[in-house]
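User: I'm new to reading protein structures. Can you take me through one, feature by feature?

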Amino acid sequence: MTIHHRLDLLADLAGPILQALRLPFPQNPPASGRIVIPDISEDDSLWPIVAMLLDEYHRAWTAHPGNGYIVAHFGSTEDPLADIAHAKFSDRDRQAAAYLALDATLIGFPQPQNILRFYQATYQTVCSDCRKGAEQIRPLCLSGEPKWGRSRGIFMLNWVDDEFLVKPEMYEKVFRPFGIGSRPLLDYKSQAVLQTVVQIEIPLRADVDVANASYQTCGSCGGRSYDRDARNYAPMPLSAPGPLFKSNQWFNPFYSIVYMTKDLCRAIGESGFRGAYSLPCAAAGSSVSGEQQKG
């Protein structure tokens, strides 16, 4: 596992620092007025200097008069857009993992394309504020048949981070042999069943290791919504009720983690269909700090 960063910096603040540190990144900003460094690993020989750049940049951002209100009222001392970090995993990391979290390309929106109307039309929930206990009671609707790219066979929708839509051919080749079901999707206007896509059914659930995760508490129902650390492995499931299952725990923003066994992951990888990604799980209790509520 290596940690990678995407930097998105205000040019008027970052430019002088880049020049002073003699870093080989663009110092003349595009029309957006921001300097973007799309990917740099902490294993890169330049990373120690880039880390110095970030420290100096955040100090300059905090001292800038235009950010005075945010600093005074919210206590922020960093530009929240400046540094997005995430882990990248090797084939060895994946092969060593007993379980992996399933992810996929994010494309488009469900219908109706209004988040509140969509949830109300599609789900039954225990809590209307945090969506705890959300249960899908109606088929997902799209604006029409998906425009499948070359060899792509699976994707997710915005607002629906724990459901996967696949080509029927991929379902038959990969998921049906594992005893995994499917459900139809509908055209939003005509309510006709779509012919080139199905939704994977994931009714099984299991608890996962959140002993070291920070969380927020819903003011209405008291339910917890845990934070995912993009710099780390996926949290480990405490049991495996089947080849594909969801976490009982809820994660920000309002979704379960979907897990798969090593065998299903291998079948997806060997299928020839593209669009799926896997995040290996850490061993239980491998994080550094205890469960903690965020303020």
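Analyst: Start with how helices cross. A crossing is right-handed if the near helix is turned clockwise from the far one by less than a right angle, and left-handed if anticlockwise. Keep in mind that this is a predicted model. Here, α1 passes α2 in a right-handed crossing.

User: Which residues of α1 and α2 make the contact?

Analyst: From α1 come L13, A14, I17, L18 and L21. From α2 come I49, M52, L53, E56, Y57, A60 and W61.

User: How is a pair of packed helices described?

Analyst: Two values are used: the angle between the axes and the distance between the axes. For α1 (residues 11-21) and α2 (residues 47-63), the angle is about 145° and the axes are 10 Å apart.

User: Which strands does each of these helices lie across?

Analyst: α1 lies across β1 and β2, and runs at about 115° to β1. α2 lies across β1, β2 and β3, at about 40° to β1.

User: How do I read the sheet of three strands?

Analyst: Read the strand order. It is β2-β1-β3, an open sheet with antiparallel pairing. β2 (34-41) and β3 (83-88) are the edge strands, each with a single partner, so one side of each has no neighbour in the sheet. From one strand to the next, the twist averages 10°.

User: How many bridges join β1 to β3?

Analyst: Six bridges join them, and the strands run antiparallel. As one example, H5 has A85 of β3 as its bridge partner.

User: What is the strand order in the sheet of five strands?

Analyst: The order is β7-β10-β11-β9-β8. This sheet is also open, but its pairing is mixed. β7 (141-142) and β8 (154-157) stand at the edges with a single partner strand each, so one side of each is left without a neighbour.

User: How many residues lie between the strands in the hairpin of β8 and β9?

Analyst: Two residues lie between them. In this hairpin, W159 takes a positive phi near 75°.

User: Where do the side chains of a strand go?

Analyst: In a regular strand they alternate between the two faces of the sheet. Take β8: I154 and M156 point one way, F155 and L157 the other. All of these are buried. β17 also has both faces covered. V258 and M260 are buried on one side, Y259 and T261 on the other.

User: Which strands pair with β17?

Analyst: β4 pairs with β17 in the antiparallel sense over three bridges. Y99 stands opposite T261 there. β15 also pairs with β17 in the antiparallel sense, over three bridges. In that pair, F245 has Y259 as its bridge partner.

User: How do I find the buried face of a helix such as α7?

Analyst: List the buried residues, then look down the axis. In α7 (residues 262-270) they are L264, C265 and I268. They fall within an arc of 100° seen down the axis, so they line one face of the helix. On the other side, G269 and E270 are exposed.

User: What do the buried residues of α7 pack against?

Analyst: They pack against β4, α6, β15, β17 and β18. After α7 comes G272, with a positive phi near 90°.

User: Which residues touch the most other members of the largest nonpolar core?

Analyst: F175 and L244 do, in a core of 23 residues. β4, β8, β9, α6, β11, β17 and α7 each give two or more residues to this core. α6 gives the most, with four residues. This helix lies across β8, β9, β10 and β11, at about 35° to β11.

User: What is L244 in contact with, leaving aside its neighbours within four places in sequence?

Analyst: Its contacts include L102, F175, I180, I200, V258, Y259 and L264. Another core, of 19 residues, lies apart from the largest one. Among its members are L7, I40, V50 and L54.

Definitions and conventions. Residues numbered from 1 in each chain as written. Predicted model: local features only at pLDDT ≥ 70, side-chain atom pairs only at ≥ 80, totals over all residues. Heavy atoms only, no water. Pairing = 2+ DSSP bridges. Contact = heavy atoms within 4.5 Å. Axes fitted to C-alpha atoms, helices over the stretch in contact; angles between N-to-C directions. Buried < 20%, exposed > 50% of the residue type's maximum accessible area, 1.4 Å probe, protein only. Arc of directions from axis to C-beta. Core = buried A, V, L, I, M, F, W, Y, C linked by side-chain atoms within 4.5 Å.
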